[in-house]
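Visitor: I have a model open and would like to learn how to read it. Where do we begin?

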Amino acid sequence: MTLTPHRSTQPRSSHAPELRAAARHFDRRRFLTVTGAAAALAFATNLPAAGAAAAATLDARQITDDPFTLGVASGDPHPTSVLLWTRLAPAPYQPDGGLPAERVAVQWELARDERFRHIVRRGTATAHPEFHHTVHVEAGLLAPGRVYYYRFRTGTWISETGRTRTAPGHLTGSTALSFAAVSCQRYDQGYYTAYRHLADEDLDVVFHLGDYLYEYAVNSVGGARNYTDRVLPDVFNHETVTLEDYRLRYALHKTDPDQRAAHAAHPFVVTWDDHETENNYAGDNPDGGVPSEEFLLRRAAAYRAYWENQPLRRPQRPDGPDMKLYRRFRWGRLAQFDILDTRQYRSNQAQGDGWQIPGPESADPARTMTGTTQERWLLDGWDRSDAIWNVLPQQVTFSQRRNAVGDVYKVSMDSWDGYPASRERLLAGADAAGIENLMVLTGDVHVGYAFDIKRDFDDRSSRTVGTELVASSVSSGGNGSDRPANWDTYMTANPHMRFYNGRRGYTTVTLDRRSARADFKAVPYVTTTGAGISTVASFAVEAGKPGLTPV
């Protein structure tokens, strides 16, 4: 992260000794195997081994309280299938969610209409205690490019209705697409008002670019939310470290009514940044001073909880501390989306992290933001792409961002500025593949930016080769301001920066075959409820002619 949040003064989780004990039992080589990682995770969290609850099935009629307290979600839309998600948790703020360690049968339905008069698919899934009674249904045999409605049932309880859709077929094509980019929703720094407005938008899909939750302590009044009508339990008032900690933190986030509304309204395509695990981690290098073996145990817990609580498909299910989150989606021939993971495989931040004057260490050509395998996957995908728009949803600022005017300046070592050789390889690959309409989607920094991507950022006369849209945070950073204190400096030092706003909100994008339009939406405050939303800037990009034009 560029903006380092205040660290909690609360002691670390009481489970931390368990993590250290587990790390001592597994050397690095064994831990990095699937079986070793799974064993270490089970050791540290008392997670039952796969199949341990196979003989125990709960009669869902015994569930006396609403189990759908965390709502419903859908995601990763393909032309003939979509992922449906829910979790059973009658008591979401309890470690067990209010259910025994037994399997529960959950029925699901998918229909063409909100009243479920025309049901096209239905089935029964099992909510396993090993996965914290989450349900991931890959609903298939669907028609391309169609809106559907879905719901779940268990016992006498019926969930709220969610709305989702499939992507258009590759051969049938698509003439238009509307999507939103969101990021950074620290619970204790404000309400999710932006999500309530997002739920009302007419969109095909939402891209979440990371920091879905934060690991920091949340006190009994919810921090800046300053609750007077409830008291949050003490289970949230320490940093997340163990699997139980991360699971509970997702429960806190997903009980928020505005976030539930957004998930129910649109399919989400998600990727993480750092705070879903720990601030500014890089690969197996933690931000704190703990051994890598201990950190990888924490990472395994964080990754498992992430998969459990997101609308992700089976190929994304983690193996210990490893999870393949990068993946590709196509929206007919209109757009190709290559979703990146810039945390799990990156080199450690150069020069001690933070904002530094670029030097030989940060310029080292061996340094990577994506890892070799993911980088090759991306460049090969661009080589094969026949889409009009090639969109890159990812986490940290891609374009150069100098913090001072003149020849002496600092850049963020956590962003692509700290990995310039890695960025250059991507830009060269886009050039070689003939990518004319490159669009990078970014989160992380809690502000809205719009950049013209330059082929060479150090040459002001360099040609523009793409567009970067940085979505502001949902709540992280508090209320913010239209013009942060460094606004004049940034806009002068970075002439390719076409827009900068420090309010909370999100960005919507509409694509067609001829152009793209980006609208930056912002709310005036998040520390109290009820804020309206406005469009603070809009830009157009003509297909085949990179460069932002205000509209």
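Guide: With a helix pair. H9 passes H10 in a right-handed crossing. A crossing is right-handed if the near helix is turned clockwise from the far one by less than a right angle, and left-handed if anticlockwise. Helices (H or I, at least four residues) and strands (E, at least two) are DSSP runs, numbered from the N terminus.

Visitor: What should I know about the model itself?

Guide: It is a predicted model: local features need pLDDT of at least 70, side-chain atom pairs count only at pLDDT 80 or more, and totals for chains, interfaces and linings use all residues. Residues are numbered from 1 along each chain as its sequence is written, and side-chain values use heavy atoms, with hydrogens and water left out.

Visitor: At what angle do H9 and H10 pack, and how far apart are their axes?

Guide: The general idea comes first. Two packed helices are described by the angle between their axes and the distance between the axes. Here, helix H9 (residues 372–384) packs on helix H10 (residues 420–433) at about 20°, and the axes are 8 Å apart. That angle makes H9 roughly parallel to H10. Angles under 35 degrees count as roughly parallel, over 145 as roughly antiparallel, 65 to 115 as roughly perpendicular and the rest as oblique. Axes are lines fitted to C-alpha atoms, for helices over the stretch in contact, and angles run from 0 to 180 degrees between N-to-C directions.

Visitor: Which residues of H9 and H10 meet?

Guide: Contact means heavy atoms within 4.5 Å. From H9 come Glu375, Leu378, Leu379, Trp382 and Asp383. From H10 come Ser422, Arg425, Leu426, Gly429, Ala430 and Ala433. By class, this contact has six nonpolar, two polar and three charged residues. Ala, Val, Leu, Ile, Met, Phe, Trp, Tyr, Cys and Pro count as nonpolar, Asp, Glu, Lys and Arg as charged, and the others, Gly among them, as polar.

Visitor: Now H5 and H7. At what angle do they pack?

Guide: About 30°, for helix H5 (residues 243–254) and helix H7 (residues 292–308), with axes 8 Å apart. Their crossing is right-handed. Leu243, Tyr246, Arg247 and Tyr250 are the H5 side of the contact. The H7 side includes Arg298, Ala301, Arg304 and Tyr306. The H5 contact with H7 has seven nonpolar, no polar and four charged residues.

Visitor: Which residues touch the most other members of the largest nonpolar core?

Guide: In soluble globular proteins, nonpolar side chains tend to be buried together. A nonpolar core is a set of buried Ala, Val, Leu, Ile, Met, Phe, Trp, Tyr and Cys residues joined through side-chain atoms within 4.5 Å. Buried means under 20% relative accessible area, exposed over 50%, partly exposed in between (1.4 Å probe, protein chains only). The largest core here has 39 residues, and Tyr195, Leu198, Tyr306 and Met323 touch the most other members. Strand S9 (176–182), helix H4 (193–199), H5, strand S11 (268–270) and H7 each give two or more residues. H7 gives the largest share, seven residues. Apart from this core lies another, of 31 residues, among them Ala471, Ala518, Phe539 and Leu548.

Visitor: What does Met323 contact?

Guide: Leaving aside neighbours within four places in sequence, the partners of Met323 include Trp272, Tyr303, Tyr306, Trp307 and Leu312.

Visitor: Where is Thr510, and how far is Ser178 from it?

Guide: Thr510 is in strand S21 (residues 497–512). Thr510 and Ser178 are 332 residues apart along the chain, yet their C-alpha atoms are separated by 4.4 Å. Beyond four places in sequence, Thr510 contacts Leu177, Ser178, Ser515, Ala516 and Arg517. Thr510 counts as partly exposed, at 36% relative accessibility.

Visitor: Which residues have a positive phi without being glycine?

Guide: Leu141, with a phi of about 60°, is one of them. His446 is another, at about 65°. Leu141 lies in the loop between S5 and S6. His446 lies in the loop between strand S17 (438–442) and strand S18 (448–454).

Visitor: Is each one buried or exposed?

Guide: Leu141 is exposed, with a relative accessible area of 77%. His446 is buried, at 5%.
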